[in-house]
Amino acid sequence: MGQTGGSSQTPGFLWLARVSSTANQSCGPVREAMPCFRFRSLPGGQERRGRAWAGQAAFLQLAIAARTMAAAPTVLLPELRSLLAAGRARLVDVRSREEAAAGTIPGALNIPASELESALQMEPAAFQALYSAEKPKLEDDNLIFFCQIGKRGLQATQLAQRLGYRGARNYAGAYREWFQKGG
């Protein structure tokens, strides 16, 4: 049985785990359409078992996805403006070359999302030759990824974090907000 949402260190968050088939016995008669889950409401740790209807399961999956998205460090427009003015941000536009050619945030390096993983794993000299820019360092602060509306930027931030880039952040407003609010 694995944890699929929340943790004991997250007060007030619903902890949800699918109960193994042998443990399903304690939920009563098992039907395929209604898998058995164990719910624990924190704090307090009271636990109950029960059936999750399809709508409940979909809602819980959405809640877990939203929590995962929120887990990536983000930067909002006012902070981004401040970081850029101080020269303390490195921007990476993960949109396609065509999208970036139509407009981007000044100073951003365009590395399409489809190339990002290989780019971040390149040797520094190869990166410099391909992108005409210095490769970000694992310890760089404020390595900020963005796209058009936020999804690819978030995925890029999560990828960079998995590759060891500790200062990776997502500009949540993305290029759309930058453009609409005049940078």
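**Figure 1. Salt bridges in the predicted model.** The structure is a predicted model. Six salt bridges are counted in it. One of them joins aspartate 93 and arginine 95, with the closest N and O atoms 2.8 Å apart. Both aspartate 93 and arginine 95 are buried. In general, side chains of opposite charge can pair when their charged atoms come close.

**Figure 2. The salt bridge between glutamate 115 and arginine 97.** The two side chains meet at 2.7 Å, N to O. Glutamate 115 belongs to helix α4 and arginine 97 to helix α3 (residues 97–101), so this pair ties together parts that are 18 residues apart in sequence. Glutamate 115 is partly exposed, at a relative accessible area of 22%. Arginine 97 is also partly exposed, at 40%.

**Figure 3. The salt bridge between glutamate 99 and arginine 152.** Here the closest N and O atoms are 2.8 Å apart. Glutamate 99 sits in helix α3 and arginine 152 in helix α6, so the pair ties together parts that are 53 residues apart in sequence. Glutamate 99 is partly exposed, with a relative accessible area of 26%. For arginine 152, likewise partly exposed, the value is 27%.

**Figure 4. The buried side of helix α4.** Helix α4 spans residues 113–120, and its buried residues are Leu116, Ala119 and Leu120. They cover an arc of only 80° around the axis, which puts them on the same side of α4. Their cover includes α5 (124–131), β7 and α6 (151–162).

**Figure 5. The open parallel sheet.** Five strands line up in the order β4-β8-β7-β5-β6, with parallel pairing. Strands β4 (74–75) and β6 (109–110) stand at the edges; each has a single partner strand, so one side of each is left without a neighbour in the sheet.

**Figure 6. Strand pairs within the sheet.** Strand β7 (residues 143–146) is joined to β8 (residues 168–171) by three bridges. Isoleucine 144 has arginine 169 in β8 as its bridge partner. Four bridges pair β5 (residues 90–93) with β7 in the parallel sense. Aspartate 93 stands opposite phenylalanine 146 in β7. This aspartate 93 also forms the salt bridge with arginine 95. Two bridges pair β5 with β6, again parallel. Valine 92 has leucine 109 in β6 as its bridge partner.

**Figure 7. The protein chain as context for the close-ups.** The chain has seven helices and eight strands. Of its 183 residues, 38% are buried. The accessible surface comes to about 10600 Å², and carbon and sulfur atoms hold 55% of it.

Terms used. Residues are numbered from 1 along each chain as its sequence is written. This is a predicted model: local features need pLDDT of at least 70, side-chain atom pairs count only at pLDDT 80 or more; totals for chains, interfaces and linings use all residues. Side-chain values use heavy atoms; hydrogens and water are left out. Buried means under 20% relative accessible area, exposed over 50%, partly exposed in between (1.4 Å probe, protein chains only). Accessible areas come from the Shrake-Rupley method with a 1.4 Å probe; for residues, only the protein chains shown count as cover. Two strands pair if DSSP finds at least two bridges between them. The arc is that of the directions from the helix axis to the C-beta atoms. Contact means heavy atoms within 4.5 Å. A salt bridge is a side-chain nitrogen of Lys or Arg within 4 Å of a carboxyl oxygen of Asp or Glu.
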